[in-house]
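Q: Hey, I've got a structure to go through and I'd like to talk about its pockets and sheets. Can I show it to you?

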Amino acid sequence: MKIATKIIHDGEIKSEYNPISIPVYRTSTFGFDSVEEFKAIRKKLYQGDQAFNYTRISNPTCYALEKKIAMLENAEAAVTAGSGMGIIGTTLLSFLKKGDHILVDSELYSSTSELVKDVLPTFGVEYTEVDFNKLDLVKKSLKGNTKVVYFESPTNPGLKINDIQKICEIVHRINKNIKVIIDGTITSPYLQQPLSLGCDIVLHSLTKYINGHGDVVGGVASGKQKDIERIRLYGRKMITGSILSPDDAFLVLRGIKTLNLRMQQHCASALAVATYLSKNPYVKKVNYPGLKSHPNYLIAKKQMVHGFGGIISFETNLTCAQTAKFVDSLQLFKVAVSNGDPISLVTHSATMFPDHKPDSFVRFSIGLEDSEDLINDINNAFKKVKSK
């Protein structure tokens, strides 16, 4: 089946009364008729089978979502968490301990970077940061105690493309036991399949494209059954307790059903807007992997099988104050963090996040509006700035 059909029909679970939509199992615990029945269920649960005794470990609604995402990722299993950072922290703490080393790319989501640089060292975990576009540095930076290699592609917000397959080949050639983990939030499983390119675990913020409606916070990890069960039964159950609520799992399951349609629109509109920006005299540089001017365009084309995503970042030729005025002059874009919503979002990093440079850096999350309307809005915003 094609992916549009698989999104609707694959990964479904049987439920009492055969509902078309999976019910919300809003319960903290599950009751049994005997101690022996509880023991049997617990044994199944710890073997990775479909079984439920306490929602912190597993819940039918969350399990339905995990099974659906595992199908989309071509993974053996998946596990959800209460946020994107919840799944990132839970996953890293599942595979790292005192004395271990993690190798990370020099461009990471800001909260992930803080976790790696400020938090993990307090637990005795060493880190090294290098540019993953420089494959020789990746190879040279691996150590005997390296347990995890972690990166994004595309990166957020710079939209750098890393060669997933080559990175995995280098790492696993040196040590097949190192976990290569990628944050694939920017692409969603519809655009990119990191596990098929050699990654061990792929992470997503469900908050973004997988849910796609701006009304859920969540995260998910997908990979081999053994790795996912460690995240579930050690990292999430014992360390973070960062579970996704059944209500939010239901909303994400509903959002997934339109994933392919939404991603097609996000990608088409983003490419149109990026093309417009690349020719705009007020714009100095555009970062979008779908433009042939992107330094890693050919790698992106190889990896991102159904499009180049809905995120654009760029630098204007304006001052910091003028760039902020441009952002404020937009009518169809809401000033907000996050991405993947139906409505287009914009951030001006220098004013919203003071430590970020350069001053003229802007990120668009292109929504589901008509691209011509978005382009007209951008054009009018530039005109307002330059007319003053």
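Q: Which residues lie nearest the centre of the largest pocket?
A: L108, Y109, S110, N156 and P157 lie nearest its centre, out of 40 lining residues. This is a predicted model, where local features need pLDDT of at least 70 and side-chain atom pairs count only at pLDDT 80 or more, while totals for chains, interfaces and linings use all residues. Residues are numbered from 1 along each chain as its sequence is written, and side-chain values use heavy atoms, leaving out hydrogens and water.

Q: What counts as a pocket, or as lining?
A: On a 1 Å grid over the protein atoms alone, a pocket is an open set of points with protein on both sides within 12 Å along at least five of seven lines, and a cavity is a set where a 1.4 Å probe fits but cannot get out. Lining residues have an atom within 4 Å of a point.

Q: And how much space lies in the largest pocket?
A: About 1,000 Å³. Volume here is the space filled by probe spheres set on the points, with grid points joined across faces, edges and corners.

Q: Which element gives the most to that pocket's lining?
A: α5 does, with five residues. Helices (H or I, at least four residues) and strands (E, at least two) are DSSP runs, numbered from the N terminus.

Q: OK, cavities now. How many of 30 Å³ or more are there?
A: One. The largest cavity has a volume of about 40 Å³, and its lining includes T55, Y63, E66 and R232. α3 gives the most to that lining, with three residues.

Q: How do β9 and β12 run, parallel or antiparallel?
A: Antiparallel, and five bridges join them. In that pair, I311 stands opposite S365 in β12.

Methods: Pairing = 2+ DSSP bridges.
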